[in-house]
Amino acid sequence: MNDDYWPRPIRVTLLAILFLLFALFEALRLGYSIYFWKTLIELGEAPWYLALTGFFWFAAGCLLVWGLWSGKRWAWLGSIIGALAFDLWYWLDRLFLQQPHNNGSFAIAASSVILVLVLLILLTRHTREFLLKRNA
């Protein structure tokens, strides 16, 4: 098989786009926390936490996008760990650090569907072959 031309499966492309959107959302979190730093302090919030977590998830998302797009072998496991870690962080943050929300059912459904779709994409044969066997 010729490694010079190995078409990226559409699922991997869509997953990379999803992670890119996620990274851009976290970049907004970082930017807004810096822009509204004084206001957040006045409201009793911790802008350093919002900036730090925004930067971390932005960097992680960009790294995963690059890994998926270029077909890096580590991107498969990194994407699984990243998706699970983000979901865990989201729920810990929501339950322990945020004010109570009225949209709990929607949040559970949305985060579950997104996590399951990401994991299903990563566990398909074509995705595994592209990411794990390409450079073997």
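On a 1 Å grid over the protein atoms alone, a pocket is an open set of points where a 1.4 Å probe fits, with protein on both sides within 12 Å along at least five of seven lines, and its lining residues have an atom within 4 Å of a point. This tour visits two such places and two single residues.

The model is predicted, so local features need pLDDT of at least 70 and side-chain atom pairs count only at pLDDT 80 or more, while totals for chains, interfaces and linings use all residues. Residues are numbered from 1 along each chain as its sequence is written, and side-chain values use heavy atoms, leaving out hydrogens and water.

**The whole protein**

The protein has 6 helices and 0 strands; helices (H or I, at least four residues) and strands (E, at least two) are DSSP runs, numbered from the N terminus. The C-alpha trace spans about 60 × 30 × 20 Å along its principal axes. Of the 136 residues, 33% are buried, that is, under 20% relative accessible area with a 1.4 Å probe, protein chains only.

**The second largest pocket**

Select Arg29, Glu45, Ala46, Tyr49, Leu50, Asp93, Leu97, Gln98, Gln99 and His101, which line the second largest pocket. About 290 Å³ of space lies there; a volume is the space filled by probe spheres set on the grid points, which are joined across faces, edges and corners. The lining comprises 4 nonpolar, 3 polar and 3 charged residues. Here Ala, Val, Leu, Ile, Met, Phe, Trp, Tyr, Cys and Pro count as nonpolar, Asp, Glu, Lys and Arg as charged, and the others, Gly among them, as polar.

**The largest pocket**

Next, select Phe22, Glu26, Phe86, Tyr90 and Ile114, which lie nearest the centre of the largest pocket among its 26 lining residues. Helices α1 (10–35), α3 (47–69), α4 (75–96) and α5 (104–123) each give two or more residues to this lining. The space amounts to about 670 Å³, and the lining has 17 nonpolar, 5 polar and 4 charged residues.

**Two single residues**

Move to Thr13, in helix α1. Why does Thr13 count as buried? The reason is its relative accessibility of 13%. Beyond its neighbours within four places in sequence, Thr13 is in contact (heavy atoms within 4.5 Å) with Arg8 and Trp69.

Finally, select Gly71, in the loop between α3 and α4. Gly71 is buried, its relative accessible area being 0%.

Key:
Buried means under 20% relative accessible area, exposed over 50%, partly exposed in between (1.4 Å probe, protein chains only).
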